[in-house]
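Q: Please take a close look at a single part of this structure. I am new to it and would welcome one connected account that then moves on to other parts.

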Amino acid sequence: MKKGNMDLYILMGAIFICVIMILSASYMNYKSVQDHIIAKEQQQLLTISKSISRSIERFFSYQSENLKIITKNRSFQEQFRNYMLSNGVDTRFNSLEDYYIIQKDNIDKIQLLSLEAKVIETYPDEELSTHPKINEDVQNVLTRKDAMISEVYFYNGQFYIKIFEPIFYDSKIEAILCTQISLDKIYQQFVKPIRVGEKGYASVKSKNGILLMHPKKEDIGKNVMKARREEFPDYDWYELEKLVQKQKNGESGVGIYHSIWYQDKNKKRVKKFSAYSPARLGAEFWIVTVSMDYLEMTQFIRYGTYKILAFNFIILLIFISGMFYIYKIKKDKRQLEKEASLSTKVNQLNKELEKDIEERKSLEKELIRNKEKYERLFNSGSDCTFVLNLDQNNLPTEFLEVNSKAYCSLHYDKAALLKMSYLDISKDSNAQKFKNMVESLKKDKMTIFEDTLITSHGKFIPVEISAHLFQLENQLKMILISRDITNKKIQEEALKRSEGRFRKIIHQVASEISNGLPQNQINIYHKEKNTSTYYSDVENKNRIALELEQINIKLEEMFQKEVDENKKKEALMIYQSRLAAMGEMIGNIAHQWRQPLSGLGLIFSNIEDAYQYEELTQEYLAQLMERAKKLINRMSQTIDDFRYFFNPKREEVCFSIRENIESTIDFLQEHLRLHQIQLNMHVIKDGFIFGHANQYSQVIFNIVQNAVDALIEKRLYDRTIDISINAHESVVNVEIEDNAKGMDEAIIGRVFEAHFTTKGKGKGTGLGLYMSKVIIEKNFHGKIYIDNRKEGVCISMIIPRNGADESEG
């Protein structure tokens, strides 16, 4: 076997081994990452399922406890005693009506039933009917002598469930109190909000596999396995059947099976994850399941693996190319050695040949060095350089060459840009203009003109272009050197506007001053001169100096007047901002007062009942009064905090950032809870700053309130606000970040402008963030920034710890 063939076989073997190693390593890495991600995702789904189950269990426990509380309520007991003493004569159970009004969002109706399952009292009044199995449920309650939860039943087009509580009178059960709850309300409150991925959802089945809650309304009430087999009889449902059987046994876990998404119009069978957990309702249980698409969860893993494979194969391709290059060099070397052995007879010719080869190699190296030098010089320029081909009509064809600055500035791939012509990227040029420019260049050899280039994104760049003609291989070429003059244009426009405003101000001031001066002192403002009056040079200079001094005095007066007006405007905007914040604050105080007011009402009711039944003792009255005082003190403290928030102390103090933010957030706690917003505090290191604490509270209140409004508008669930505090050696950095999906980059730079708002008409004043910026930068000598993050918007505030701007020192 020839040595050259042996080297080739060894090279091919090495390449094959490298390919196998790369594929094996990539596959093992893919499996490891996939298994880890799948395990984490399954655990998360199971956690969600258990959370729903616990929520449902707590809901029914809460409703059952409420019924026990009603039966022990003094008012209800008195009303029921009157009913029993009057032998069933109509008695109004006001406590049941009050309970229904409070709980109407959670229950459908509350009924007082006799032992014969007849309705004694029901709310709402129009709902007098009972479900078909009511007699059986009443007998079960009498047998158990305790509270119970009924089975799910179908009535008037919906599924319901009832909770029963026996009512004892003289140690005997004389009636039964029950509440009827629609499964749809439970679904809307605990199950429907759960979304996992684009297609995933949560559902609830009975322990017999009957669907009770599901996004597809048509399947509710059906046996899950029977429904699947009837709709898709040709599919194998063994995996799902095995999973459902574990669920029926009351187990908790995660399973993988193949099924069809109800919202998929193509009815394509896919792989799914399903986490399940039982929700215990007395002796019975429901099965809560959370399903997620398998491919959707593992999609990003596959994409990452593909990228790694592509990167590995690129490296492998470079390696193969290098190996083949080495092989070719060795092959060429052997060929040269063979030729050298055959040329021993002609030494002289061999020497000349070697000399020629050396000269050729030297020329090749020089050519390579010159080429590299040209490329470095060509691409090192700070201006865009284009080399154009010209056709017979002096029109540009495809680019011959462009430097890196050109395709980077225009956001093109170099290969794509080389397929275009200059007219394709020029906004202002056309064929006729270009021909005229070429004719001009033939005479002058060089010209400079302005043009506007078009980027791949459709944006315009104003440029100044220097054009030159040259000959290459007997063909006419053109080189264009383009310089970005965007800043120049902006400065020219700003200069023109500034000059115009300056001339307008000077003309206005001069006019006002000339109107207030004697007629003999206004020559400086008019072109016409009084030819009848003669002044010497010294007199003219003194006269002009006097008039200029009067102009300066008038300018100072106008400047002071403008400063006063700006201060008034700023004070007005501060007042408006404070009024807007006060409105938000009053709403939050109203939320915080609801609970203590309800407690005070209950205390007064207990005092009235105790007095009516002659049970009002000194000790019981003192106990109730102590509770009432605590509630009133709590409400009073809320008012004191509110007064301090809007009535700043005049003296500046050193205060804690963390304590200031926590006290401000207390005003918003009820508002945050009402809209299901989770606020997280991350205190890396607390810091102290010097200034008015309530002004800083107003800034925090404005920013958090804006984040709450954005979350309510843009996000339906998983609403979070994160506040991080980190004190450094000289500054304190506070960041407030939400996950409300961010802001448009076109307007994010304007949010600190006065009266700028992204809210609808009548919903915002546009002063909250403006005043926050004024307070941070003027009163605390700090800086405030806003930018989009991955999930939403982040506002950062950097304040010196010594209360002064460090740049001033």
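A: Leaving aside residues up to four places away in sequence, Ser772 touches Val699 and Asn702, where contact means heavy atoms within 4.5 Å. The model is a predicted one, in which local features need pLDDT of at least 70 and side-chain atom pairs count only at pLDDT 80 or more, while totals for chains, interfaces and linings use all residues. Residues are numbered from 1 along each chain as its sequence is written, and side-chain values use heavy atoms, with hydrogens and water left out.

Ser772 belongs to helix H20 (residues 768-779); helices (H or I, at least four residues) and strands (E, at least two) are DSSP runs, numbered from the N terminus. Because its relative accessibility is 0%, Ser772 counts as buried. Buried means under 20% relative accessible area, exposed means over 50%, and partly exposed lies in between, with a 1.4 Å probe and protein chains only.

Helix H19 (residues 693-714) packs with helix H17 (residues 657-666) at an angle of about 55°, their axes being 9 Å apart. That angle makes H17 oblique to H19. Axes are lines fitted to C-alpha atoms, for helices over the stretch in contact, and angles run from 0 to 180 degrees between N-to-C directions. Angles under 35 degrees count as roughly parallel, over 145 as roughly antiparallel, 65 to 115 as roughly perpendicular, and the rest as oblique. The crossing of H17 and H19 is right-handed, a term used if the near helix is turned clockwise from the far one by less than a right angle, with left-handed used if anticlockwise.

On the H17 side, the contact is made by Ile657, Asn660, Ile661, Thr664 and Ile665. H19 contributes Ala693, Tyr696, Ser697, Ile700, Phe701 and Val704. Eight of the residues in this contact of H17 with H19 are nonpolar, three are polar and none is charged. Here Ala, Val, Leu, Ile, Met, Phe, Trp, Tyr, Cys and Pro count as nonpolar, Asp, Glu, Lys and Arg as charged, and the others, Gly among them, as polar.

Another buried residue is Ile607, in helix H15 (residues 537-612), with a relative accessibility of 19%. Residues up to four places away not counted, Ile607 touches Leu616, Leu621 and Leu624.

The C-alpha atoms of Thr385 and Leu480 are 5.7 Å apart, although the two residues are 95 apart along the chain.

Helix H6 (residues 224-231) has Val224, Met225, Ala227 and Arg228 as its buried residues. These cover an arc of only 165° around the axis, so they are on the same side of H6; the arc is that of the directions from the helix axis to the C-beta atoms. The face turned away from that buried side of H6 carries the exposed residues Lys226 and Glu230. Among what covers the buried residues of H6 are strand E7 (201-206) and helix H7 (238-248).

For the whole protein chain, there are 20 helices and 23 strands, and 38% of the 809 residues count as buried.
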